[in-house]
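The structure comes first, then the notes by topic.

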Amino acid sequence: MNRRKLKILFPLLIFLLIFNIYAVAFASSLGVRDLEVGMRGDDVKLLQKRLNNLGYSIEVDGIFGRETKEVVRKFQTKKNLLSDGIVGPRTIYYLQNAKIDLEYKVQPGDSLSELAKEYDVSINAIKKANDLKDSTIIVGQKLIIPDTAIGGGKEKNLYNIIIEYKVKSGDTLSELANRYNSDISEIKELNNLNAPRIKVGQTLKIPRKARGVKVSGSTSSYHRPRFIWPAKGRISSKFGYRIHPITSERHFHGGIDIAIPRGTTVKAAASGKVVTSSWVKGFGYTVIIRHKKRVKTLYAHNSRLLVRSGQYVRQGQAISRSGSTGRSTGPHLDFRILIDGDPIDPLDKLPHRY
């Protein structure tokens, strides 16, 4: 083999080597196996989370069923891959490198500086993503908020101390978060808590923020965005384990049920982009809104949908009418808040009163 051929083949071999290392490295976090229908596990859950973050409506349950296969096929088709619904190294590579760009429709009063501040993006990043020569934007204009910038730039390591605390009588998560200048969601995540209840004698790890830095809705990534109640009504079922009203089996309820009459207006709990506005198995007519920081809200069992997928909605905007569609025993709203696909207790994020 002559030197000319070596000069051509050597870079190609290097590229293939790097490609395989990269693909395998990411695959290792998914379990180092091809994923397909019938499989279960944390690697399947990671796959579902990634697809969810990319805007695909899919339940994160760690079970690779027909729904997951169809979503995988949609992704593969979009990326011009073999659409077989099987997640191998090539599909994993493209999943890892797929960008989660946010499409935003300019509203009255918007400016590039305000959008940059709201999404923690530099003005130049927005201008570059949209080929803008200056900072002029007009109402109705569609802008791309680049994935490489969302959550970057201004994000800081807010917590620099983690203490261990033994729960005493009368302690609550909200009181501890306030005492140590921390955040309820951060404490729950660090200690793998599914419910806000804590027991006397339990040892908790509490992330404590540096002095002079205040925990608020404008600084903590888990507080952003601030939510409002989507509807006013009695809480008929709380977040956590319960006996299912239809199957009579114990299961985990990932949201809160708000008992309201059929036809009640349901409002967006925060501004964002509608990623689902359709019938979802089990949930009936459902709206899912994606907010910044990989946060989504879900509104289920509606009788009528008032928004469409891809539409940007403002906080407080009417998005649906309540109902009892899907697996439901009566008119109510199933409201959920998801962070990276995982449900959190909405009561930790909603105002204490409507």
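Glutamate 70 and arginine 73 are three residues apart in helix H3 (residues 66-78), a separation of about one helical turn. The model is a predicted one. The side chains of glutamate 70 and arginine 73 form a salt bridge, at 3.8 Å from N to O. A search of the whole structure finds three salt bridges.

- Glutamate 70 is partly exposed, with a relative accessibility of 40%.
- Arginine 73 is also partly exposed, at 33%.

**Salt bridge between loops**
- Arginine 314 and aspartate 110 meet through their side chains in a salt bridge of 3.4 Å, N to O.
- Arginine 314 sits in the loop between E13 and strand E14 (318-322), and aspartate 110 in the loop between strand E1 (102-105) and helix H5 (112-118), so this pair ties together parts 204 residues apart in sequence.
- The relative accessible area of arginine 314 is 29%, which makes this residue partly exposed.

**Buried salt bridge**
- Arginine 336 and aspartate 334 form a salt bridge, with their closest N and O atoms 3.0 Å apart.
- Arginine 336 counts as buried at 16% relative accessibility, and aspartate 334 is buried at 3%.

**Strand E10 and its partners**
- Seven of the nine residues of strand E10 (residues 272-280) are buried.
- Seven bridges pair E10 with strand E11 (residues 284-290) in the antiparallel sense; serine 278 has threonine 286 in E11 as its bridge partner.
- Three residues lie between the strands of the E10 and E11 hairpin, where glycine 282 takes a positive phi near 90°.
- E10 also runs antiparallel to strand E13 (residues 312-313), joined by two bridges; glycine 272 is partnered with valine 313 in E13.

Note on methods
Residues numbered from 1 in each chain as written. Predicted model: local features only at pLDDT ≥ 70, side-chain atom pairs only at ≥ 80, totals over all residues. Heavy atoms only, no water. Buried < 20%, exposed > 50% of the residue type's maximum accessible area, 1.4 Å probe, protein only. Helix = DSSP H or I, 4+ residues; strand = E, 2+ residues; numbered from the N terminus. Pairing = 2+ DSSP bridges. Salt bridge = Lys/Arg side-chain N within 4 Å of Asp/Glu carboxyl O.
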